[in-house]
Amino acid sequence: METELRLESSLWVGNKRYRAVLSGWHFNWTEVDKKNRDKKTISVPVAEVVGVEEGRVEILPRKSVEDTDKDFTVFYVKRSSSGSSYGLLWRLGRIQFSCPSRVLRDQWTKHLRTALKTHSPLRPNRLLVFINPFGGKKKGRKIYHSLVAPLFELAGISSHVIVTERANQARDHLLKKDLKGFDGVVCVGGDGMFSEILHGLIGRTQQEAGLSENDPTVALQPCPLHIGIIPAGSTDCVCYATVGVIDPVTSALHIIIGDSQPLDVCSVHQASALMRYSVSLLGYGFYGDVLAESEKHRWMGPLRYDYSGTMVYLSNRSYAGIVQYLPADPLLSSPRDRTRCLSGCSVLGVSLNVASCLSFCAFPGEWVSVEGRFRCVSLTCMSSSCPKSPLGLSPSAHLADGTGDLILVWDTHPLGFLKFLYRHTSTQDQFDLPFVEVHRVKAVRFSLPSERDTGQEMTNEQKMATPFLCGLCCSKVPAKSVWNCDGEILSSTEILCRIHGQLVRLYARGIEEGAAVHNCGKENDKCQMGCTLIK
Ligand SMILES: CCCCCCCCCCCCC/C=C/[C@@H](O)[C@H](COP(=O)(O)O)NC(=O)CCCCC
Ligand SMILES: Nc1ncnc2c1ncn2[C@@H]1O[C@H](COP(=O)(O)OP(=O)(O)O)[C@@H](O)[C@H]1O
Ligand SMILES: [Ca+2]
């Protein structure tokens, strides 16, 4: 049995005396003062101690060390509300203690360091860091060197940094180079950069396990290395949906303390070839068109999505398609149950087993099939919340339950579609519209109806409702859209998608919410459930 590391003594902070206690999972200190009648204690979980240094140490604005005999400095995670976002910002807290003797100081630093190792086994020692210098507002390098690297250094993490010189360099490195000695891979960039790391690590893991990624029925091997995301992109959806804020310091602290969040991944196949993996948005129709349009305007930076979104909305397109899906167990959860997947969420699941995946061919009866014209067809393994849409594409989706949410938006009047889109920016239910359906699924297949049905002439009504782009200059609606797969355009339209439960792990812990109302009626720190009602 593990022996409890306990240490208790009087310590000084400035000219005030404190009772400091290290016991079990916590380190806390209480001012010993008659005026502190309510005995206000600051308590830090040992797992959230970032580092312990001898002497009086500061790291911001730059590192300074006053090497004294009887002092030690503790750095820890301090939370603050993030204002506009749902999650909490993490900042580096610092406290400098003075001991009556050097012996006691050494005892404190030794005990705290041992406790750290015992209580957070997943803390990384060595990281491989990829920086995309062109992501988002092109600030990746600056963000890493000024905000993240000093924290890694403080925590004793050594990192090998690669600033990418081309697209797919990070993916290729992970597929081919020696990864021995690394505990995790960090990407500094956006969802596209994350996707490179995802493909590199999943591919490498399957190669080493001798599994074929091209076979959609194969049970893929989970990746051993953790992934950390330092947000420096345009949408930063994966970071937002797993941490709750877009903040490099918060993300760096999650990496340092070795937080671990499993994540579902969707594999996308065409015939018997793997096309790509997706974790956030796999979208056909509106989201595919927005991505295709936005690629022409990359020079605009993150604003390209706002511009292209407006243009594509005004082009008023819908597309014919056949969607088949394998529903998940409705007794376990539903995309409309108004729960949210928050830190400590208990809605977990495993991957679709091989037999039920094969049953797509063998037992078509389990699959549901719908056909018609759609504004958009989207599949997401997580909420896909992002700063544009704080509750996301599917607010009750779960990060690690082995399912995805399929959102079908049938063709509708332009104002109806605008209402649907607009609801993503507030807490209004975007699924509570007559032309929208949402299904929790384990697999999806998309195909096109026969050719003569797709190149339809525009009706006069459609022409009137289409004041820009194709409506004014063309007489045909484009026959097909493209798939937006986490920000990459897929080269095929007809695809088979399968959700793999918990295929990768991130240095994150899900969204920590400030003042939330829980299903169990208890407050945040007492709730055992993890899931809360939508605010
Ligand atoms: C009238 C107001 C309309 C607001 C619509 C809001 C809907 C927003 C949902 C966004 C979901 C985003 C899911 C994430 C997608 C990213 O993977 C992808 C690539 O990101 P990056 O690598 O950072 O460039 N981003 C997009 O495809 C952008 C979609 C924007 C749609 C308007
Ligand atoms: N050095 C580079 N030059 C050009 N493209 C790159 C480079 N490094 C990464 N990329 C690619 O840039 C794309 C977008 O990167 P990302 O970091 O997601 O930024 P954004 O969120 O602005 O799209 C990714 O698909 C990635 O493959
Ligand atoms: Ca999921």
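A residue counts as near a molecule when its C-beta atom, placed from the backbone, lies within 6 Å of it. This is a predicted model, in which local features need pLDDT of at least 70, side-chain atom pairs count only at pLDDT 80 or more, and totals for chains, interfaces and linings use all residues. Residues are numbered from 1 along each chain as its sequence is written, while chains are lettered from A and ligands numbered from 1 in the order in which they are written.

**View 1. The shell around ligand 2.** Here 20 residues surround ligand 2, and the closest are Gly135, Gly189, Gly190, Gly192 and Gly233. By class, four of the shell residues are nonpolar, 12 are polar and four are charged. (Ala, Val, Leu, Ile, Met, Phe, Trp, Tyr, Cys and Pro count as nonpolar, Asp, Glu, Lys and Arg as charged, and the others, Gly among them, as polar.) Helix H4 gives the most to this shell around ligand 2, with four residues. Helices are DSSP runs of H or I with at least four residues, numbered from the N terminus.

**View 2. The shell around ligand 1.** Next come the 27 residues that surround ligand 1, with Gly190, Asp191, Thr235, Cys237 and Gly487 the closest. The shell around ligand 1 holds 10 nonpolar, 13 polar and four charged residues. Helices H4 (191-209), H7, H8 and H10 (414-423) each supply at least two residues of this shell, and H7 gives the most, with three. Domain 2 (122-259) and domain 3 (265-535) each provide at least three residues of the shell around ligand 1; the domain bounds come from an automatic or database domain assignment.

**View 3. Helix H7 against helix H8.** The axes of H7 (residues 286-295) and H8 (residues 303-315) come within 8 Å and cross at roughly 125 degrees. Axes are lines fitted to C-alpha atoms, for helices over the stretch in contact, and angles run from 0 to 180 degrees between N-to-C directions. On the H7 side, the contact is made by Phe286, Asp289, Val290, Glu293 and Ser294, and on the H8 side by Arg304, Tyr305, Ser308, Gly309, Met311 and Val312. Two residues are in contact if their C-beta atoms, placed from the backbone, lie within 7 Å. Sorted by class, the contact of H7 with H8 has five nonpolar, three polar and three charged residues.
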